[in-house]
Amino acid sequence: MIRILTCGNLSEAYLIKGNLNNEGIDCFLTNQYFTNLMPLYNDMLGAGIQIFVREEDVVKARELQKDKIEPNNLELHCQYCGSVDIGLGLGKNKWQKILNIILAVFMAFPMGNLKPKFYCKVCKEEIR
């Protein structure tokens with residue numbers, strides 16, 4: 001079995017599993033209970049719901065989930081100014097998130113889910 005994808009929430013993982021099952025690809029999920037019980041650890045050190053498929057189905061499964069596995073291949077545009085100069089960072093509340101990171105290091109417990117966000121480098125707005 002080979003891991004093809006890690007999801008941040010259970011509903012997304014079940015949607016992907018359903019899509020793969022509809023195409024005849026058997027798969028299973030791991031870490032779904034831990035992810036639901038401890039959501040603050042999502043996206044940290046590989047935590048999240050992992051989707052595994054058989055070795056012979058890896059190529060087909062990755063092709064079906066290409067937009068989730070390789071999101072950089074998608075063309076993003078700013079909905080405010082139309083620019084394609086898009087970056088990936090902490091978002092608008094950058095200083096608050098940096099403070100959360102510092103507190104998390106000292107307390108040895110995550111203070112919030114710090115997922116990176118896409119933002120426009122021209123108008124500085126977050127891409128939704």
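This note goes through the fold, the core, the ring pair, the salt bridges and some surface features of a predicted model.

1. Basis. The model is predicted, so local features need pLDDT of at least 70 and side-chain atom pairs count only at pLDDT 80 or more, while totals for chains, interfaces and linings use all residues. Residues are numbered from 1 along each chain as its sequence is written, and side-chain values use heavy atoms, with hydrogens and water left out.

2. Fold. The chain has 5 helices and 5 strands. Helices (H or I, at least four residues) and strands (E, at least two) are DSSP runs numbered from the N terminus. Along the sequence the pattern reads β-α-β-α-β-α-α-β-α-β. Among contacts (heavy atoms within 4.5 Å) between residues at least 6 apart in sequence, 67% join residues at least 24 apart.

3. Of the 128 residues in the chain, 29% are buried. Here buried means under 20% relative accessible area, exposed means over 50%, and partly exposed lies in between (1.4 Å probe, protein chains only). The chain exposes about 8,700 Å², and carbon and sulfur atoms supply 56% of that area. Accessible areas come from the Shrake-Rupley method with a 1.4 Å probe; for residues, only the protein chains shown count as cover.

4. Nonpolar core. The largest nonpolar core has 14 residues, and I4, L20, I51 and V53 touch the most other members. Two or more residues each come from strand 1 (2-7), helix 1 (10-22), strand 2 (27-30), strand 3 (49-53) and helix 3 (58-64). The term stands for a set of buried Ala, Val, Leu, Ile, Met, Phe, Trp, Tyr and Cys residues joined through side-chain atoms within 4.5 Å. Leaving out residues up to four places away in sequence, I51 touches I2, R3, I4, L5, C7, A13, I16, L20, C27, F28 and L29.

5. Aromatic pair. F28 and F52 are stacked, at 5.5 Å centre to centre and 15° between the planes. F28 sits in strand 2 and F52 in strand 3, 24 residues apart, so that the pair links distant parts of the chain. Rings of Phe, Tyr and Trp (its six-membered ring) pair if their centres lie within 6.5 Å; planes under 30 degrees apart count as stacked, over 60 as edge-to-face and the rest as tilted. F52 is buried, with a relative accessible area of 17%, whereas F28, at 34%, is partly exposed.

6. Salt bridges. The search of the whole structure finds 3 salt bridges, each defined as a side-chain nitrogen of Lys or Arg within 4 Å of a carboxyl oxygen of Asp or Glu. R54 meets D26 at 3.8 Å, N to O. This pair links distant parts of the chain: R54 is in the loop between strand 3 and helix 3, and D26 is in the loop between helix 1 and strand 2, 28 residues apart. R54 also bridges to E56, with the closest N and O atoms 3.6 Å apart, and to D57, with the closest N and O atoms 3.0 Å apart. D26, R54, E56 and D57 are thus named as a network of salt bridges.

7. D57 is buried at 12% relative accessible area, and E56 is exposed at 58%. R54 at 33% and D26 at 47% count as partly exposed.

8. L88 lies in strand 4 (residues 86-89) and is exposed, with a relative accessible area of 52%. Beyond its neighbours within four places in sequence, L88 contacts P116, K117, F118 and Y119. F118, in strand 5 (residues 117-120), is partly exposed at 30%. With neighbours within four places set aside, F118 contacts L76, I86, G87, L88, E126 and I127. C-alpha to C-alpha, L88 and E126 are 9.5 Å apart in space and 38 residues apart in sequence, while F118 and R128 are 7.7 Å apart in space and 10 residues apart in sequence.

9. Surface patch. L99, I102, L103, F106 and M107 make a nonpolar surface patch of about 530 Å². Patches consist of residues with over 30% relative accessible area and no salt bridge; like charges are joined within 9 Å, and nonpolar side chains (Val, Leu, Ile, Met, Phe, Trp, Tyr) within 5 Å. I102 belongs to helix 5 (residues 94-107) and is partly exposed, at 42% relative accessibility.
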